[in-house]
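Visitor: I would like to learn how to read a few features of a protein model. Where do we begin?

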Amino acid sequence: MPERDERAEFIESVGDALAAWRLSRATGRLYGHLLLSAEPMTFDDIGRALGMSTGGVSTAVRELVSWGLARTIPQPGSRRLRVEAVGGFEQLLAASHERTRNFIRTLRAGESLTDDARTNERLRSVTELFERYVDAGDEMLRRHRRAR
């Protein structure tokens with residue numbers, strides 16, 4: 001039984017992590033579940049496994065697909081779909097970096113509003129930290145893409 005608890009803990013942790021990235025917690029939980037699933041799953045199976053409504057599953061799947069974290073697979077002779085996790089974190093990181101770049105632009109705009117050297121240096125220091133964060137993340141993504 002400990003394995004089941006570890007799986008549930010993993011699913012909850014992925015839900016919490018993706019919630020911090022502006023995805024719903026339910027979407028994150030669904031992604032965590034899909035990451036541990038060997039085969040594509042039906043919406044009904046996902047709903048039962050996670051205690052989610054059909055509408056909730058559908059919404060979460062659409063969100064995952066839009067971020068490139070999952071794909072849907074049509075079932076021959078049926079309107080039903082199955083869903084599976086895909087890599088996709090590259091798109092999520094790229095979107096996070098773009099939000100951070102917007103924040104950097106805001107910080108730079110604030111430099112003209114500072115009254116003294118100490119305040120200006122603090123603002124520049126914060127800006128540089130976020131610039132290094134984005135640069136390091138971009139380099140990591142480049143290496144990841146080259147390795148594949």
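Guide: We begin with a cut-off: a residue is buried under 20% relative accessible area, exposed over 50%, and partly exposed in between. This is a predicted model. At 35% relative accessibility, E128 therefore counts as partly exposed. R132 has a relative accessible area of 55%, so R132 is exposed.

Visitor: What does R132 form with E128?

Guide: Side chains of opposite charge can pair when their charged atoms come close. Here R132 and E128 form a salt bridge, with the closest N and O atoms 3.7 Å apart. Both residues lie in helix α6, 4 residues apart, so about one helical turn separates them.

Visitor: How many salt bridges does the structure hold?

Guide: There are 15 salt bridges. One of them joins E12 to R25, the closest N and O atoms being 2.2 Å apart. This pair links distant parts of the chain, E12 being in helix α1 (residues 2-19) and R25 in helix α2 (residues 25-36). E12 is partly exposed at 27% relative accessibility, and R25 is partly exposed at 36%.

Visitor: How should I read two packed helices?

Guide: Two packed helices are described by the angle between their axes and the distance between the axes. Helix α5 (residues 89-110) packs with helix α6 (residues 117-147) at an angle of about 160°, and their axes are 10 Å apart. Angles over 145 degrees count as roughly antiparallel, so α5 and α6 are roughly antiparallel to each other. The crossing of α5 past α6 is left-handed.

Visitor: Which classes of residue make up the contact of α5 with α6?

Guide: The contact has 12 nonpolar, 7 polar and 6 charged residues.

How values were computed: Residues are numbered from 1 along each chain as its sequence is written. This is a predicted model: local features need pLDDT of at least 70, side-chain atom pairs count only at pLDDT 80 or more; totals for chains, interfaces and linings use all residues. Side-chain values use heavy atoms; hydrogens and water are left out. Axes are lines fitted to C-alpha atoms, for helices over the stretch in contact, and angles run from 0 to 180 degrees between N-to-C directions. Helices (H or I, at least four residues) and strands (E, at least two) are DSSP runs, numbered from the N terminus. Angles under 35 degrees count as roughly parallel, over 145 as roughly antiparallel, 65 to 115 as roughly perpendicular and the rest as oblique. A crossing is left-handed if the near helix is turned anticlockwise from the far one by less than a right angle, and right-handed if clockwise. Ala, Val, Leu, Ile, Met, Phe, Trp, Tyr, Cys and Pro count as nonpolar, Asp, Glu, Lys and Arg as charged, and the others, Gly among them, as polar. A salt bridge is a side-chain nitrogen of Lys or Arg within 4 Å of a carboxyl oxygen of Asp or Glu. Buried means under 20% relative accessible area, exposed over 50%, partly exposed in between (1.4 Å probe, protein chains only).
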